Amino acid sequence: MKYLLLLTLFLGGFESEINEVPNFRLKNLENRTVSYNQIKGKNLTVIDFWATWCKPCVKSIPEFVKMDEEFEDSDVQFIGISIDGPRNKAKVKPFIRSLGVEYPVLRDSDSSVMARLRVTAVPTLLIVNADNEILYFHEGYKSGEEVKIKNKILELLEE
Amino acid sequence: MKKFTYLLLLSSILAIVSISELKAQLYGTNTFEFQYGNLPFEEDSDLTTSYNQLNLYYDQGNFSLFGRAEQFLTPVSEANYFEFTQKRFQFQDDTFRLRVGNFYETLGSGLLLRSYEIPGSVYEDEFSRTRYAFFRDLEGVAFDINLDWAEFKAIRSEALQNLLPPNFEPDSVRRPDLIEALQATFYPNDMVSIGGTLIRVNTPNNSDFSSYASIITNIQLPANFQLFGEYAFNTDSELFSFKTDQSYALYSGVNYYKGSFGGSFEYKNYSNFRLGSSGFNDPPSLIKEHTYPVLNRSTHVPNTSSEHGVQAELFYSFDDGHSIVANYAYTVNEVFRRNEYREYFLEGTFKVTDQFTLKSFVDFANDEPKLHKNRISVGLISDKGFGNSKNLILDLQYQTYEESFQPKKIENYFSSISFSLNSSLNFAAIFEATTEPGLTDNPNTFPRIETDPRTWLGFNALYRVNTSNSIALFVGKRRGGPACTSGICYEILDFEGAELRVTTRF
């Protein structure tokens, strides 16, 4: 028991930068199961965990719509992952489309992919490279942070 | 013996890691929470607790392993535990997935089976005050096959009764129901999916099995309409009879969007449909899920013995960032007596400038199951950014209602102010007050009954050290009560004292 805590503290002392996104599978808004590898970007993939009831998420989505259009020619693929449960099933599709989202949106209704990617809050944004390595992890959203996220995408595209 | 098995499993993982040539990764999360304080009004006024949750993942090629360990320590030795609460082996390729151990699965809309996890949440048991992760998983085996034209799932597992803590004895009581399920979904074309589920349940002290089935469909109609529905029933019941003595659940809906406009309409009808002794299904409640504290606490939990109702929602997003949401929900259940729940909700967001947003809501409800009449809730939230690094949010909410047998109107107040810097530092002060008699009275002073308004004042600080580590500190009083996250409702207990949480990803 004590050793487990010690191991945790030891591991927790590191700042991890690289972890891979496994090839998870989720249903899309058309009720079809798709895998991450099927829809990921050729260059970068931006994964946004959100929910219809999450106010900061709803605020951030129009900014991602703008970025999705801006980076269309840079092989950057945006993916939205809604953690709404069955209770909000009916609302997710019309809601996200009314915000102008055209990128793929998947449903993680039991939060299992969220847990696997070590995400503990929404919104959380991940930027992943073509080798599935997580290069950037951003939790929460406040006005103005879209500039920071956009600069990070530009920086990663230049590398 | 059990711990030895897990240690052997961990050693095996490490052995595989060291000898394998395939690319592998070992990663995880850890949440440590320390509380110094107590539940208000409790006699034991300085109960100090520490809770730790470690999640370890190991991926190699198509294989993955997962384990979770939880530890809880208090001065009350009977409540202490160290348990491996989850473990999973998984194999997955492009079409096939096998899971052995603890996993999550929701069939259809959850009418027959729903499991879930609320990541990062720590639940406190009201009776033993033991703290543990809040999830309802399945333990057993599941495999699924995904083809272009169809999907198949097979499950044999036991669902967790998550109101019992991990150290509850005997352990078998925590997983009382054996569930065997088969689901097939077919895609005749891109517009239509149709499927069915068969589920068989064996509950304790019952040698017979109960069987249920469902029909599920999802149709993309022209002009951005989507139609979906699920009808589930006990196989001993009359099909589509909709009689009150039968066991069935019907959930259906339609949604639509065009440009910046979206809308949805849903219908539910449940009768005698709480499954198993653990209640492992979760028919949708069809009441809007609110995150505003005054409304989140007032949510309606459906009574699956007898309930039907509708929910409609409309939203519109304006080009300049403004938006409006309108929701109507009506539900009625007839357990002992007829109880109606009716709610009207309107929310508007006004983007004053790129750096300044105002949000407001108004909600009116008559909630007979809770004996609340003319419940009015209003709120105003101002969100102001300063450059790209500073942000100030002011949140004011008020609620009032009449309650049967109470001479005066009841009032609830919520206010918070939060400031964030560089998205790594966040400070917040939260003040709440209520005149609810059930909360103002101190049960320890019986027969005296306190009626003065009760208040809570708390302070939160969050520091994200880097992308892997964060530290959160709460000091003060925190109001408890029912809370809903991701559609899952549970009870949070009051707390008074200091709480430190350290979250680590590695």
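**Exercise 1. In chain B, what share of the contacts between residues at least 6 apart in sequence join residues at least 24 apart?**

Start with the term: two residues are in contact if their C-beta atoms, placed from the backbone, lie within 7 Å. Count that way, and 50% of those chain B contacts join residues at least 24 apart.

A quick note before going on. This is a predicted model, where local features need pLDDT of at least 70, side-chain atom pairs count only at pLDDT 80 or more, and totals for chains, interfaces and linings use all residues. Residues are numbered from 1 along each chain as its sequence is written, while chains are lettered from A and ligands numbered from 1 in the order in which they are written.

**Exercise 2. Work out whether the radius of gyration of chain B agrees with a compact globule.**

Step 1: take the rule, 2.2 Å times the number of residues to the power 0.38, with the radius taken over C-alpha atoms.

**Exercise 3. Find which residues of helix α6 (residues 145-158) of chain A are buried, and where they sit.**

Step 1: call a residue buried if 20 or more other C-beta atoms lie within 10 Å of its own, exposed if 12 or fewer, and partly exposed in between, with C-beta atoms placed from the backbone.
Step 2: the buried ones in α6(A) are A:E145, A:I149 and A:I153.
Step 3: seen down the axis, they fall within an arc of 85°, so they line one face of α6(A).
Step 4: on the other side, A:N151, A:L154, A:E155 and A:E158 are exposed.

Technical notes. Helices (H or I, at least four residues) and strands (E, at least two) are DSSP runs, numbered from the N terminus. The arc is that of the directions from the helix axis to the C-beta atoms.
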